[in-house]
Amino acid sequence: MSAAAEPAGPRPRRLTLSRVGVYVFLVGASAFFLLPLWAMVLTSLKPMSEIQQGDLFQLPHTPTFAAWSRAWSHACTGLACNGISVGFANSVKILVPSVVASIALGALTGYALAFYRVRGGNLVFAILLVGAFIPYQVFIYPLVRIFAWIGIYGTLTGIVVIHSIFGLPFMTLLFRNYYSSLPRELFNAARVDGAGFLGILRHVILPMSTPIVIVAVILQVTGIWNDFILGLTFAGLANQPMTVQLNNVVATTQGTVEYDVDMAATILTAALPLAVYLVSGRWFVRGIAAGAVKG
Amino acid sequence: MGAVSIRDVSVGFGAVNVLSGLSLDVADGEFVVLLGASGCGKSTLLNAIAGLIEVSAGQIWIGGRNVTWAEPKDRGIGMVFQSYSLYPRMTVEGNLSFGMRIAGKPADEVAKRVARAAGMLHLEPLLARRPAELSGGQRQRVAIGRALVKDADVFLFDEPLSNLDAKLRNELRVEIKKLHLELGSTMVYVTHDQVEALTLADRIAIMDRGVIQQFAGPREIYRRPANRFVADFIGSPAMNMFDGALEDGGRRFASPQGSADLSAYEFAGAARPARATMGVRPEHVAIGPAPAGHAALSGKVSIVEPMGGETVLWADCAGKPVSVKLDGETKAKPGDDMTLHFDPAEASLFDAASGARL
């Protein structure tokens, strides 16, 4: 044996067979999930004449953004042909108040559940969680009737209320678990200092909530943006979100199917959640873990 | 006006009763330490005084008012927590003034009181910093300052020094004692550290399993422990305990290690059971031939522990290890045979069955 066998310094790293296997699997899985996106981008950049030749993964000979601008401002959704930009505006109008309202509500209920040992609080929380597992479809008809009776069916208010209600269980869970991990003594100190229910939340707890608020914003932005069925049912014709309009674009056919426009519209609709995932992957994973691990 | 009176208070968490029917009276301006091992209910009692835990029975009076149902802020208390509990997103000044700002006090009064508390605790250079930028000792001084600012009648301390290293602990202990002398406010202080208790307290309440075992001054607690629990808990090394029996109607104590003449011992009660335990503090044991009236033991030195200023010597006396506290200059070595002696009048006798002092 040579003297090199004496261990010293960092342990040498060797590429083992299992390590190679892991890499092969990871590359394969990435390709599996990325290929559709790749095909969509390519198709959206091709003129129809190239698309009709069939080869899905062929790079475009004459790349053009014409389909993108058509999708944005001229594509037909049903009878109107103003493009998907109308849906984008509607989605933003729904998104902003819904995200703010659902997070504010979730922070409030999570705070109450974590710090105030309200009698029956855990029962309410359990019911809330069970509610989160019942499929949406069960609620839709009764909620439509209730909202119609109140007079907010088919309005912006209606869809914001709907998103706040359906966001409540998970937002509550998220904030409750985060607040349970904060030291209780801090809350006690604020009580001795004389702060009340909302005072403690506003001055002590919320300033410490930045990480979990970021997580909640990510989850709610992607969730509400991607929503289809609630928007379709409750938003009303004037407020249809981008997802619903995308469906209309794809479903509306006069003559040939405009694959390039469909693809461009789809990418445009998916752009916002995609951007959120890419920018905030680390926070997103943290949000999943916060919801899943700590009961 | 800051007398605290706890009257027949019970606290339970579900089926577990942490405190049941506990009473304690703290005089105005007194420094009382609640001392006990973790889980003895001392923090629970403090939180009940603060109003952070609801009592299931009994009353709590502060400054002559029944505050049993009052909110913590309405009890006239200031509290210091073990983990500092500073508001992390506020500066030191923000932490100190938070309570007064919430109460809507005028800005000039807030500034005046913050300046006074900061001055007392030497916090002036730190006022603009966030808690994260402070050391442990500084954080705890801010936490004390936050309690001071309120001008409370009663200050509650929940193990305030436990998170600090030994040197800082000694420094802050002295500061807290000085503060008490300056302010003259009532202070209730929870700790598991007997040195803190003995040095700070006017009176110590030693607790075990939710019951106050003895409530007396540090000297009384140390020299005349009310029962075996107190005797064991206070003192380091622990009191030497000899199991034996009372003879001659209580005039003599006999054990396998030797016998002691009890004619100088002050019995606490009339009862003289047969089985008893004699406790002797290590510093009351001396080496050398026994003078008249002293009890003598013979033993072989097993371990010598030099501690700088003093030396603790462990001797094996008829199979029982006995600790002796001597000055730092002793020349005893392991293996030496020697005679030990002590004055029975300085010892404590306990009922072997109940543990109560005799």
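Ile200(A) is found in helix 9 of chain A, which covers residues 197-205, where a helix is a DSSP run of H or I with at least four residues, a strand is a DSSP run of E with at least two, and both are numbered from the N terminus. This is a predicted model, in which local features need pLDDT of at least 70 and side-chain atom pairs count only at pLDDT 80 or more, while totals for chains, interfaces and linings use all residues. Residues are numbered from 1 along each chain as its sequence is written, and chains are lettered from A and ligands numbered from 1 in the order in which they are written.

Is Ile200(A) buried or exposed? Ile200(A) counts as buried because it has 22 C-beta neighbours inside 10 Å; by definition a residue is buried if 20 or more other C-beta atoms lie within 10 Å of its own, exposed if 12 or fewer, and partly exposed in between, with the C-beta atoms placed from the backbone. Leaving aside residues up to four places away in sequence, Ile200(A) touches Phe187(A), Ala190(A), Ala195(A) and Ile205(A), and here two residues are in contact if their C-beta atoms, placed from the backbone, lie within 7 Å.

Two packed helices are described by the angle between their axes and the distance between the axes. For helix 4 (residues 85-115) and helix 7 (residues 156-180) of chain A, the angle is about 35 degrees and the axes are 6 Å apart; the axes are lines fitted to C-alpha atoms, for helices over the stretch in contact, and angles run from 0 to 180 degrees between N-to-C directions. The contact of helix 4 with helix 7 of chain A has 18 nonpolar, ten polar and two charged residues, where Ala, Val, Leu, Ile, Met, Phe, Trp, Tyr, Cys and Pro count as nonpolar, Asp, Glu, Lys and Arg as charged, and the others, Gly among them, as polar.

We now turn to chain B. Chain B has eight helices and 20 strands, its C-alpha trace spans about 75 × 45 × 35 Å along its principal axes, and 42% of its 358 residues count as buried. Chain B meets chain A through 16 of its own residues, which are in contact with 14 residues of chain A. On the chain B side, strand 6 (77-80) and helix 2 (92-102) are the elements that give two or more residues, and helix 2 of chain B has the largest share, three residues. By class, that side divides into eleven nonpolar, three polar and two charged residues.

The domain assignment of chain B gives domain 1 (4-232) and domain 2 (236-351), whose C-alpha centres lie 38 Å apart, and the contact between them takes six residues from each domain.

Within residues of chain B, an open sheet of four strands has the order 2-1-4-5, with antiparallel pairing, and two strands pair if DSSP finds at least two bridges between them. The edge strands, each pairing on one side only, are strand 2 (16-26) and strand 5 (65-66) of chain B. Strand 1 (residues 4-13) and strand 4 (residues 57-62) of chain B are joined by five bridges, and Val4(B) stands opposite Ile62(B) in strand 4 of chain B. Helix 1 (residues 42-50) of chain B lies across strand 1, strand 2 and strand 4 of that chain, and runs at about 115 degrees to strand 1.

Further along chain B, strand 16 (residues 295-306) pairs in the antiparallel sense with strand 19 (residues 337-342) over six bridges, and also with strand 17 (residues 310-317) over six bridges. Ala295(B) stands opposite Phe342(B) in strand 19, whereas Ile303(B) stands opposite Trp314(B) in strand 17. The hairpin of strand 16 and strand 17 of chain B has three residues between the strands, and in this hairpin Gly308(B) takes a positive phi near 85 degrees.

Finally, strand 14 (residues 275-280) and strand 20 of chain B run antiparallel and are joined by four bridges, with Leu349(B) in strand 20 as the bridge partner of Met278(B). In a regular strand the side chains alternate between the two faces of the sheet.

Methods:
Domain bounds come from an automatic or database domain assignment.
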